[in-house]
Amino acid sequence: MMTRDTLLEMEEEEDDEDGDIGDVPASKRPFLTPHTLHSSGLVLENLGRTFVPNSGSLESQPDFRTPEFEEFNGKPNSLYFNDGQRRIDFVLVYEDESRRENNKKGSNEKQRRKRRAYESNLICDGLQLEATRSVLDDKLVFVKVHAPWEVLCTYAEIMHIKLPLKPNDLKTRFSAFSGFNWFAKFLRVDESIIKPEQEFFTAPFEKGRMNDFYIRDRDTFFNPATRSRIVYFILSRIKYQVTNNVNKFGINKLVSSGIYKAAFPLHDCKFRHRSEDPSCPSERYLLYREWAHPRSIYKKQPLDLIRKYYGEKIGIYFAWLGYYTQMLLLAAIVGVACFLYGYLNQDNCTWSKEVCDPEIGGKIIMCPQCDKLCPFWRLNITCESSKKLCIFDSFGTLIFAVFMGVWVTLFLEFWKRRQAELEYEWDTVELQQEEQPRPEYEARCNHVVINEVTQEEERVPFTVWGKCIRIALCASAVLFWILLIIASVIGIIVYRLSVFIVFSAKLPKHFNGTDPIQRYLTPQTATSITASIISFIIIMILNTIYEKVAIMITNFELPRTQTDYENSLTMKMFLFQFVNYYSSCFYIAFFKGKFVGYPGDPVYWLGKYRNEECDPGGCLLELTTQLTIIMGGKAIWNNIQEVLLPWVMNLIGRCRTVSGSEKITPRWEQDYHLQLMGKLGLFYEYLEMIIQFGFVTLFVASFPLAPLLALVNNILEIRVDAWKLTTQYRRMVPEKAQDIGAWQPIMQGIAILAVVTNAMIIAFTSDMIPRLVYYWSFSVPPYGDHTQYTMNGYINNTLSVFKVVDFINKSRGNPYSGLGNHTTCRYRDFRYPPGHPQEYKHNIYYWHVIAAKLAFIIVMEHLIYSVKFFISYAIPDVSKNTKSKIKREKYLTQKLLRENHLKDVTENIGVIAEKVIDVVDKNLRPKLE
């Protein structure tokens, strides 16, 4: 086995196509070359390098080690080299430069040299390679990578991978359905098909203590997912070039620069059929049959098998999504009940009856809502919208808002407990000790600093001042994009103000009760729907652009670990998405119709556009419309992207190779033609669900059916994501994850904010508080004329009177002089009528309503926050049972390791004692004789 790296020494211009990620002065950067050294503590030391000059053919260079070329052996489902013994742990794919149609000799030669140097260094680092040409396209070459036992053991120690010590008989799973065995059996995956995994005590692997570990078969001790992790770790850190004393390294860089076309681990079989190899567990087939197939939509997810096949990172995502969906079932039931309550009681809605009554609403003339072009209009044209508003603006909505404030706390607290159980079951309790720095971070570590804790030298990518500059630049970029979103929201507001004038002038001005257009398409409704659709389109466009910008900013930040990278990207993307998706909803809920003045003295935007007004019943129905369009449109669009896009891309790929479709293709070639799920693929899945979580919680007071829509979407989402992973995408490199990362505090922040937003929606957006104030105070003396509490007369009491002659303005004249013989009109506000000593000033009703709204917000917030904090305190993050299991396993693991160590020491002392006795006996025996 060789003990030195092969690097290419090239001129500076040869490095142009590579970019600068992964570069570092070679004299300052230690790289991993473990197999050459006996101690893992010395693994980070440099080895001598052989520099290959530019001249001379590649084949003549004595230091290159090239993979063995073998023909395809005709076994399409084989996961092994042609010898049938060495398992394929990873596959690299490249296009043979000598067979390209557009053969640019200089450029192709550079790529070929870099690839040869990289593959030579892989072999030097102990990996075994075998190359095979494509069956369908002879330009493609597949390099199969196998990690021998020694390499796996060495890197398992470096990566602190936990491996089995002995079978564990402590873990007992608690089932929530234990009292309903028949129902649990119906929902549970059949254990005869997917057998439960055997549980083990585990510990970080150490080569020096290999005898302590539960090694029954070297071929199965490292499962395929662990083998792929280790090989990918090596591939990400192997060098292939040095230019001006700067190292180039890593498979990611080679793929991004086109030297390799792909790099991926293999699926273990076809998803529709079991593997013909009896030793293959056919886990992909089992996952498709029992998880991704539509007939399994009602079953619980096989989380242990998902974790085993795809890794803990994907496993924890599906565990969280499944738990969130289960909790949504309760919220959906309560939400539907509140909706039905409003629907069944809409006929008892007194104020809606008054709006629709020809003798009341038909005779109330409303003031124009814009200048010059807008006409006077009758209140009863809003009859249909007032009926719909009765469904959502009811007492049931208040109950549901309070319930959701408690529900979100229960969800988050119980999820923490479930997450702690998964950490124990999946051996990720002490994961922080395992995570390695990202290769991109390691490559930039060219500044030496003194560690404050160890007082030893360590390398960092930039100084404190450099870090401050990067943070300032990144924060400025994020702020710029947020301001851009706010500008787009202002543009939508201007659109609303402009188009409302057009709709008011064009749509019918009188209501006859028979024309369906008049019944449903009022100027307010038409403006709301078109503005919501345009807002949704702008949201999706800005999302697409900002995703790329956020990745660029995070790459510039250079986080240390993959977890740090994803957390940083998460905060940027969520902050942007929060403003992007929710800004229009916040505008409708809390700003529209709140600062409009009154007809004689309206408030203008930019000195030109008159502020929007709400319907006489408020803006709640418009907020519901906005939420329905954005939430529903987003769900439909995402599912189209997630289902159709990969399916169409794979279909196109199959059509391109249709000429060779009759040929038998190997496993690696079948997987190559699947789609790539990038490193951030799971990030976008989380982001999609968290945005939905915000819609379900932040504005649920205006749309009690939101949890039901989310529930239906998530049931489909789980199976669609499962279908994508098992059928349309290459197998991802398994990754470890302890929890859902930065998404947990984001959800907690949303939960706190949701209490405030829902309280303010009920207080300021709906008409619930004004109706209650009227019912209890202004319907009876001294303010009212009725002898008992009633809602009769509410509409007349809440619409103020304005004299048309007061429209006259010195500079503009009367803009409504030709629009009828009306002397007065009504508008939505609580002001004194003309002729009153304080005409057009806010009346006593207004101040009662304001006081009631503020009191309601304070009481509701304090009540829900008190319940939330009590629940958080009462429910521990880790259950007592799980804590006991963790402590017990840790104790038994330490005891086992200590006993084995003492046993080894005792045996060694015994051997030494025997040797000493033998030596003494040999020395003393001649003297005695």
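This briefing covers the fold, charge pairs, nonpolar cores and aromatic contacts of one protein model.

The model is predicted, so local features need pLDDT of at least 70 and side-chain atom pairs count only at pLDDT 80 or more, while totals for chains, interfaces and linings use all residues. Residues are numbered from 1 along each chain as its sequence is written, and side-chain values use heavy atoms, with hydrogens and water left out.

**Overall make-up**

- The secondary structure comes to 26 helices and 22 strands. Both are DSSP runs numbered from the N terminus: helices are H or I with at least four residues, strands are E with at least two.
- Of the 929 residues in the protein, 53% are buried. Buried means under 20% relative accessible area, exposed means over 50%, and partly exposed lies in between (1.4 Å probe, protein chains only).
- Contact means heavy atoms within 4.5 Å. Among contacts between residues at least 6 apart in sequence, 78% join residues at least 24 apart.

**Salt bridges**

- The structure holds 27 salt bridges. Each is a side-chain nitrogen of Lys or Arg within 4 Å of a carboxyl oxygen of Asp or Glu.
- Glutamate 566 and lysine 313 form a salt bridge with an N to O distance of 2.0 Å. The pair links distant parts of the chain, 253 residues apart: glutamate 566 is in helix α17 (residues 562-590) and lysine 313 in helix α9 (residues 312-344).
- Glutamate 566 is buried at 16% relative accessible area. Lysine 313 is buried as well, at 13%.
- Lysine 416 and glutamate 413 meet in a salt bridge at 3.5 Å, N to O. Both lie in helix α12 (residues 395-425), 3 residues apart, about one turn of the helix.
- Arginine 831 bridges to aspartate 829, with the closest N and O atoms 2.8 Å apart. Arginine 831 counts as buried at 13% relative accessibility, and aspartate 829 is buried at 14%.

**A buried charge without a salt bridge**

- Glutamate 861 is found in helix α25 (residues 844-874). This residue is buried yet has no salt bridge.
- The nearest side chain of opposite charge is lysine 868, 12 Å away. Lys and Arg count as positive and Asp and Glu as negative; His and the chain ends are not counted.
- Leaving out residues up to four places away in sequence, glutamate 861 touches Val755, Val756 and Ala759.

**Nonpolar cores**

- The largest nonpolar core has 151 residues. Such a core is a set of buried Ala, Val, Leu, Ile, Met, Phe, Trp, Tyr and Cys residues joined through side-chain atoms within 4.5 Å.
- Trp320, Trp407 and Phe411 have the most contacts inside this core.
- Phenylalanine 411 touches Trp320, Tyr323, Tyr324, Met327, Phe693 and Met747, not counting residues up to four places away in sequence.
- A second, separate core has 46 residues, including Ala131, Ala147, Val231 and Leu235.

**Aromatic pairs**

- The structure holds 59 aromatic pairs. Rings of Phe, Tyr and Trp (its six-membered ring) pair if their centres lie within 6.5 Å; planes under 30 degrees apart count as stacked, over 60 as edge-to-face and the rest as tilted.
- Tyrosine 324 and phenylalanine 693 are edge-to-face, because their ring centres are 5.9 Å apart and their planes lie at 70 degrees.
- Tyrosine 324 is in helix α9 and phenylalanine 693 in helix α20 (residues 681-698), so this pair ties together parts that are 369 residues apart in sequence. Both residues are buried.
- Phenylalanine 683 and tyrosine 684 also pair edge-to-face, at 5.4 Å centre to centre and 70 degrees between the planes. Phenylalanine 683 counts as buried at 4% relative accessibility, whereas tyrosine 684 counts as partly exposed at 27%.

**Charges over rings**

- Arginine 237 lies over the face of phenylalanine 233, 3.9 Å from the ring centre. The criterion is NZ of Lys or CZ of Arg within 6 Å of the ring centre and within 35 degrees of the ring normal.
- The charged end of arginine 731 sits over the ring of tyrosine 309, at 3.8 Å from its centre.

**A loop residue**

- Histidine 293 is in the loop between α7 (283-292) and α8 (303-310). This histidine 293 is partly exposed, at 22% relative accessible area.
- The C-alpha atoms of histidine 293 and threonine 726 are separated by 9.9 Å, though the residues are 433 apart along the chain.
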